[in-house]
Amino acid sequence: MDAVKYGNQSLVVVANRLPVDRCEGSWSPSPGGLVSAVAPMVKESRGAWIGWCGTSDEEFEPFEFDGMHLVPIALGSDEYDKYYEGFSNATLWPLYHDLVVPPQFHRSWWKTYLSTNARFAQAAVDAAAHEATIWIHDFHLQLVPEMIRAQRPDVRIGFFNHIPFPSESIFAQLPWRDSILRGLLGADVIGFQLDSDVENFRSAVSRFLGISSEELPNTVRAYPISIDADAIHRVAEAEETQHRARQMREELDDPRCLIVGVDRLDYTKGILHRLRAYHELLEDGVLDPQETTFVQVAVPSREGLESYQDLRDEVEQLVGNINGSFGAMDRAAVHYFHHSYSFESTVALYLAADVLLVTSLRDGMNLVAKEYVAARHDSGALVLSEFAGAAAELDEALLVNPHDIAGLKDAIRLGAEMPPAEAQRRMASMAEVVDGHDIHRWARAFLDDLRPMPPTRAPTTAESTNQPINADPNQRTQYVHTAQ
């Protein structure tokens with residue numbers, strides 16, 4: 001039987017996407033907090049990043065980019081439909097977000113999710129050096145830790161879930177719940193956003209696998225993710241950004257109060273709830289459409305899924321109704337933009353806004369709330385859903401239950417009328433929290449827990465086969481877990 005063959009990389013990051021985007025035949029860095037936090041560590045260790053290249057039916061060889069070894073995982077159009085849009089976004093996403101829409105369960109999607117996870121795992125096995133650190137990200141890849149562990153007991157494996165983990169009663173609906181739990185338990189360190197996610201996970205493991213919290217050899221804890229606060233500060237303080245913010249307000253006829261929402265167009269974000277609340281505030285005469293303007297940026301997301309198409313139709317219809325009732329020939333009550341903006345333009349919009357609405361029905365964290373706080377620092381008002389993970393840290397925001405339209409209306413009114421001294425106090429308090437726990441501290445905390453190595457032992461014959469990872473959905477992979 002062949003001995004284990006090790007790769008060269010001491011740090012391997014495995015995520016659904018590479019940290020680069022393909023544009024006009026060349027690669028450019030992707031925006032986003034995860035890339036800004038983790039990429040420097042990958043560069044420092046001359047490590048590898050494994051992920052999908054972002055296009056279907058196109059294959060690329062591994063390549064070097066800005067000090068990182070990038071390993072593209074190709075997805076065919078059928079794999080994309082079943083693994084990504086299907087099982088990840090039409091099964092797991094709604095299930096993990098408290099059934100905001102009904103999840104769909106299809107065995108063909110599950111089989112493709114399993115086989116695709118096996119391909120990501122095999123790439124990590126092939127890249128990792130002896131006793132390497134492998135850090136796996138998010139719900140797309142929950143089977144990967146166990147798959148790697150089956151071949152590589154020498155490595156340290158971390159997994160971080162960026163979205164909520166559902167309650168035991170909701171998770172029970174997933175036909176493949178045991179396999180998902182066993183997949184995650186292949187990791188030495190399993191991270192979630194909130195303590196409630198940790199408790200939900202431990203409860204599910206106890207009920208469905210019969211393993212109590214005391215018996216778990218894994219480290220399971222909360223690591224609340226954050227933002228690159230320094231990057232936000234630099235952009236917000238730039239004269240060009242401040243000029244663009246002033247220009248934005250002028251283009252909107254310089255309203256007395258500018259209310260803003262910035263989200264992906266997703267049913268978990270509560271966009272319809274905030275629009276209904278704003279509509280009623282105009283109807284009640286609490287807000288004057290001649291003095292108040294609402295800007296909603298809804299970045300396109302998962303447009304191939306019917307539930308997202310339906311949401312877009314509902315949002316656009318409601319925006320049309322509000323403008324039909326309260327807009328004027330020269331002034332819209334709601335400005336709705338269904339496209340993405342650059343990082344710099346988004347920060348400028350934060351600076352222009354008097355009130356930011358974050359009305360998530362369920363959110364792992366919501367980094368838009370933290371970005372707004374970092375950009376404003378000592379002014380503005382944040383209306384924040386208590387169902388967003390950020391609410392646990394940003395307790396000086398105006399916290400709301402977005403299902404309570406009357407309460408949401410009160411919070412929007414308070415934000416629009418908040419005295420400057422109170423706004424400054426609240427925002428400065430929240431900025432201190434965000435600045436003190438940024439994305440770089442988050443990444444270091446996770447890796448500090450992951451990297452300590454247990455006493456080295458030689459792999460057993462059963463653990464050292466170096467055979468390709470099994471992706472048969474009818475056969476359960478067994479692994480030997482290195483206890484801490």
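Predicted model: local features only at pLDDT ≥ 70, side-chain atom pairs only at ≥ 80, totals over all residues.

A: Helix 9 covers residues 239–251, and helix 12 covers residues 343–352. They pack at an angle of about 60°, and their axes are 8 Å apart. Helix 9 passes helix 12 in a right-handed crossing. Which residues make the contact? From helix 9 come Thr241, Gln242, Arg244, Ala245, Met248 and Arg249. From helix 12 come Glu344, Ser345, Val347, Ala348, Leu349, Leu351 and Ala352. Sorted by class, the residues of this contact of helix 9 with helix 12 are 7 nonpolar, 3 polar and 3 charged.

Now stay with helix 12 and turn to helix 13. Helix 13 spans residues 367–376. The axes of helix 12 and helix 13 come within 9 Å and cross at roughly 70°. Helix 12 and helix 13 are therefore roughly perpendicular to each other. Their crossing is right-handed. Helix 12 brings Val347, Tyr350, Leu351 and Ala352 to the contact. Helix 13 brings Val368, Glu371, Tyr372, Ala375 and Arg376. By class, this contact of helix 12 with helix 13 has 7 nonpolar and 2 charged residues, with no polar ones. Look back at helix 12 for a moment. Val347, Leu351 and Ala352 take part in its contact with helix 9, and these residues also take part in its contact with helix 13.

Another pair lies elsewhere in the sequence. Helix 2 runs over residues 77–96, and helix 3 over residues 107–127. They pack at about 110°, with axes 8 Å apart. That makes helix 2 roughly perpendicular to helix 3. On the helix 2 side, the contact includes Glu79, Lys82, Tyr83, Gly86 and Phe87. On the helix 3 side, it includes Trp109, Trp110, Tyr113, Arg119 and Phe120. The residues of the contact of helix 2 with helix 3 divide into 8 nonpolar, 7 polar and 3 charged.

Last, the empty space. A probe the size of a water molecule, rolled over the atoms, shows where such space is left. The count comes to 2 cavities of 30 Å³ or more. The second largest cavity has a volume of about 30 Å³. What lines the second largest cavity? Its lining is Gly380, Ala381, Leu382, Glu396, Ala397, Leu398, Met418, Arg426 and Met430. Strand 15 (381–385) and helix 15 (420–436) are the elements that give two or more residues to this lining. By class, the lining of the second largest cavity has 6 nonpolar, 1 polar and 2 charged residues.

Definitions and conventions:
Residues numbered from 1 in each chain as written. Heavy atoms only, no water. Axes fitted to C-alpha atoms, helices over the stretch in contact; angles between N-to-C directions. Helix = DSSP H or I, 4+ residues; strand = E, 2+ residues; numbered from the N terminus. Left-handed = near helix turned anticlockwise from the far one by under 90°. Contact = heavy atoms within 4.5 Å. Nonpolar A, V, L, I, M, F, W, Y, C, P; charged D, E, K, R; others polar. 1 Å grid on protein atoms, 1.4 Å probe; cavity = no way out; pocket = protein on both sides within 12 Å on 5 of 7 lines; lining within 4 Å. Points joined across faces, edges and corners; volume = space filled by probe spheres on them. Parallel < 35°, antiparallel > 145°, perpendicular 65-115°, else oblique.
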